[in-house]
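Me: I would like to understand how the words used for a structure follow from its values. Could we go through some of them slowly?

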Amino acid sequence: MQKIIVTGGLGFIGSNLIKILLKKKYKVINIDRISYASNFYNVKNSKKNKNYSFIKCDINNKNKFLKILKKNKPIGIFNLAAETHVDRSIDSPKPFIKSNILGVYNLLEAFRNYSKFNKKIKLIHISTDEVFGDLKKGRSNEKFPYNPTSPYAASKASSDHLVSSYIKTYNLRAIVTNCSNNYGPRQHPEKLIPKLIYNILNNRSLPIYGKGNNSREWIHVYDHCEALVKVFKKGKFGEFYNIGSNKNLNNLKITKLLLKIAKKIVKINSKVKIKFVKD
């Protein structure tokens, strides 16, 4: 049975990807350093599968990661280990530099070393559309220039450039994907949609930045993960692939839509109101 490593597999997208890979009959090794965004609840069903295993490891630990590669001999790595929240990066950029830049550097070094022994291994580096910055209109494509506007986005842009440089310099079998905003099961409650759902269910106000006009392209996490598997199987090494849904909604519309759905399921308390806050 073919083995695949998923880094950051205790997180939102990683845990959903593991679920899909197990269904596709891969043997999955979940590597996670167990940060604030990690949650063993996310893999409680996957843990029952005999083809799932977990190893605690920070991707900054190059030597340990290399030992894991040599021992398990995976056919591929999906790198989802990252700090991912824009607001947190504004409050404290340092962890983003350590995980998203230095972590990717150390992972690449281990991958480069191991590739000498296994020339068929693939690396899929999962990034974000945040690297393209704010677009006034239209959609970004793979040829768009990078224009990050937060420490988070800058750290992910740096990691993308690192991966690309290693592909060109060392001829590594790697691919970069840039995805739009995800939503779905097991998402961390600091993110917009789960935070709004939590507040609705707990009779709290619904904080929306500015006038709620900030618009994002939303994709369900299952669709994103299926696209990642397709890139893994059919993607060309050295390419960047944008993943999206072409479904754009601003924050105010998302909030009103969630309220409309919630009213059909639960009684909405009078405290549950939209509250515009400073962006």
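Reply: Let us begin with a pair of strands: β7 and strand β9 (residues 215-220) pair in the parallel sense over 3 bridges, and N181 has W218 as its bridge partner in β9. This is a predicted model, in which local features need pLDDT of at least 70 and side-chain atom pairs count only at pLDDT 80 or more, while totals for chains, interfaces and linings use all residues. Residues are numbered from 1 along each chain as its sequence is written, and side-chain values use heavy atoms, with hydrogens and water left out.

Me: What makes β7 and β9 a pair?

Reply: Two strands pair if DSSP finds at least two bridges between them, and β7 and β9 have 3 bridges, so they count as paired. The strands themselves are DSSP runs (E, at least two residues), as helices are (H or I, at least four), numbered from the N terminus.

Me: Why are β7 and β11 said to stand at the edges of their sheet?

Reply: The open sheet of 3 strands has the order β7-β9-β11, with mixed pairing. β7 (181-183) and β11 (248-250) each have a single partner strand, so one side of each is left without a neighbour in the sheet. From one strand to the next the twist averages 50 degrees.

Me: Which helix packs on the sheet, and which strands does it touch?

Reply: Helix α7 packs on the sheet and touches β7 and β9, and its direction makes about 70 degrees with that of β9. Axes are lines fitted to C-alpha atoms, for helices over the stretch in contact, and angles run from 0 to 180 degrees between N-to-C directions.

Me: How do you know whether H224 is buried or exposed?

Reply: H224 lies in helix α7 (residues 221-234), and its relative accessible area is 1%. Buried means under 20% relative accessible area, exposed over 50% and partly exposed in between (1.4 Å probe, protein chains only), so H224 is called buried. Leaving aside its neighbours within four places in sequence, H224 is in contact (heavy atoms within 4.5 Å) with I13, I126, C179, N182, I219 and I243.

Me: And why does G235 count as buried or exposed?

Reply: G235, in the loop between α7 and β10 (240-243), has 18% relative accessibility, so by the cut-off already given it counts as buried. Beyond its neighbours within four places in sequence, G235 is in contact with I175, K230 and Y241.

Me: What makes strand β6 largely enclosed?

Reply: In strand β6 (residues 174-179), 6 of the 6 residues are buried, so β6 is largely enclosed by the rest of the structure. A174, V176 and N178 point one way and I175, T177 and C179 the other way, and all are buried. Strand β5 (residues 122-128) runs parallel to β6 and is joined to it by 6 bridges, with C179 as the bridge partner of T128.

Me: Why is α6 called oblique to α8?

Reply: The axes of helix α6 (residues 192-201) and helix α8 (residues 251-263) come within 10 Å and cross at roughly 40 degrees. Angles under 35 degrees count as roughly parallel, over 145 as roughly antiparallel, 65 to 115 as roughly perpendicular and the rest as oblique, which is why α6 is oblique to α8. The contact is made by residues including L192 and I193 of α6 and N251 and I254 of α8.
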